[in-house]
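Hi everyone, thanks for making time for this.

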Amino acid sequence: MPRLFAGIEIPEDLSEDLAGLEQPLPGARWINPANHHITLRFFGDVPKRTADELIDLLALIQRDIFHVTVCGLSLPNGREPQALWAGVENSDALSRLQSDTERVARSVGLPPEKRTFRPHITVARLNRPHEFALARILQRHARLQITPFVVPRFVLYSSKPHSGGGPYVIEQIFPLIGGSWDDEATAW
């Protein structure tokens, strides 16, 4: 089975707004808008049996639909920035859903996530970006605020090893209470 992770899809119009941030930046590889998402829990390369268990247990998660707000651009913590993020306001509903996916991962024998959950949408991968140009982009979009969107479901994504930025494939859909299984019936 390919690499798996649980995530939240980003509505197409919001992804297009984020793609509008793209500008020349030496050392940046901008993410295709079709691959924008919020990662809830990275599971990694798992055997098929574990993947099947993950799917069964993720399907048992019962949470209500909720809103997510995207705001600001930032860099992950670390000495050498490797990504440019659109920030996501954390909420109780988002934290609970993330905690549920962590609990599922542990229940199938995966090690605990070591990193603190910082919800975000990766908009670019960075490889020694031009510092001045990066600082200008961060300053220009520090107050970025995009209309909140409804999260009617979360999904299980797969990716190819070492792909770093997609393409991602939706393997399974998990509707939230008030959400839908139907691709066309989202609240977007």
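Let me start with a question: in which loop does Arg-128 lie? It's the one between strand E6, residues 120–126, and helix H4, residues 131–140. Before I go on, keep in mind that this is a predicted model.

Most residues other than glycine have a negative phi. Arg-128 is not a glycine, and yet its phi is positive, about 50 degrees. As for the surface, Arg-128 counts as exposed because its relative accessibility is 68%, and the cut-off for exposed is over 50%.

Now to the sheet. There's an open sheet of four strands in the order E3-E1-E8-E9, and the pairing is antiparallel. On the edges you find strand E3, residues 37–45, and strand E9, residues 169–175, each of which pairs on one side only. On average, neighbouring strands here are turned by 20 degrees against each other, if you ignore direction. Further in, strand E1, residues 3–9, and strand E8, residues 153–159, pair in the antiparallel sense over five bridges. If you'd like one of the bridge partners to click on, Ala-6 goes with Leu-156 in E8.

Helix H3, residues 92–107, packs on that sheet. H3 touches E1, E3 and E8, and its direction makes about 5 degrees with that of E3.

Let's stay with H3 for a bit. How far apart are its end C-alpha atoms? They're 22 Å apart, and that agrees with the 22 Å you'd expect for 16 residues at 1.5 Å a residue. Quite a list of residues in H3 is buried, including Ala-93, Leu-94, Leu-97, Gln-98 and Thr-101. And what covers the buried residues? Among the elements that do are E1, E3, E8, H2, strand E4 (66–74) and strand E5 (83–88). After H3 comes Gly-109, which has a positive phi near 95 degrees.

Arg-41 pairs with Glu-102, and the closest N and O atoms are 2.5 Å apart. This one links distant parts of the chain: Arg-41 is in strand E3, Glu-102 is in helix H3, and they're 61 residues apart. Are these two buried or exposed? Arg-41 has 4% relative accessibility, so it counts as buried. Glu-102 is buried too, with a relative accessible area of 10%.

The second salt bridge is between Asp-100 and Arg-103, with closest N and O atoms 3.5 Å apart. Both partners lie in helix H3, three residues apart, which is about one turn of the helix. Asp-100 is buried at 7% relative accessibility, whereas Arg-103 is partly exposed at 49%. There's also a network here, in which salt bridges that share partners join Arg-41, Glu-102 and Arg-106.

For the third, go to helix H2, residues 48–58, where Asp-52 and Lys-48 sit four residues apart, again about one turn of the helix. Their side chains meet in a salt bridge at 3.2 Å, N to O. Asp-52 counts as partly exposed at 33% relative accessibility, and Lys-48 counts as exposed at 54%.

While we're in H2, have a look at Leu-54. Its relative accessibility is 0%, so it counts as buried. Which residues is Leu-54 in contact with, leaving aside its neighbours within four places in sequence? They are Leu-4, Phe-43, Val-46, Val-104, Ala-105 and Val-108. The C-alpha atom of Leu-54 is also separated by 15 Å from that of Pro-175, and those two are 121 residues apart along the chain.

Last stop: how H2 and H3 meet. Their axes come within 10 Å and cross at roughly 140 degrees, and the crossing is right-handed.

How values were computed:
Residues are numbered from 1 along each chain as its sequence is written. This is a predicted model: local features need pLDDT of at least 70, side-chain atom pairs count only at pLDDT 80 or more; totals for chains, interfaces and linings use all residues. Side-chain values use heavy atoms; hydrogens and water are left out. Two strands pair if DSSP finds at least two bridges between them. Helices (H or I, at least four residues) and strands (E, at least two) are DSSP runs, numbered from the N terminus. Axes are lines fitted to C-alpha atoms, for helices over the stretch in contact, and angles run from 0 to 180 degrees between N-to-C directions. Contact means heavy atoms within 4.5 Å. A salt bridge is a side-chain nitrogen of Lys or Arg within 4 Å of a carboxyl oxygen of Asp or Glu. Buried means under 20% relative accessible area, exposed over 50%, partly exposed in between (1.4 Å probe, protein chains only). The expected span of a helix is 1.5 Å times one less than its number of residues. A crossing is left-handed if the near helix is turned anticlockwise from the far one by less than a right angle, and right-handed if clockwise.
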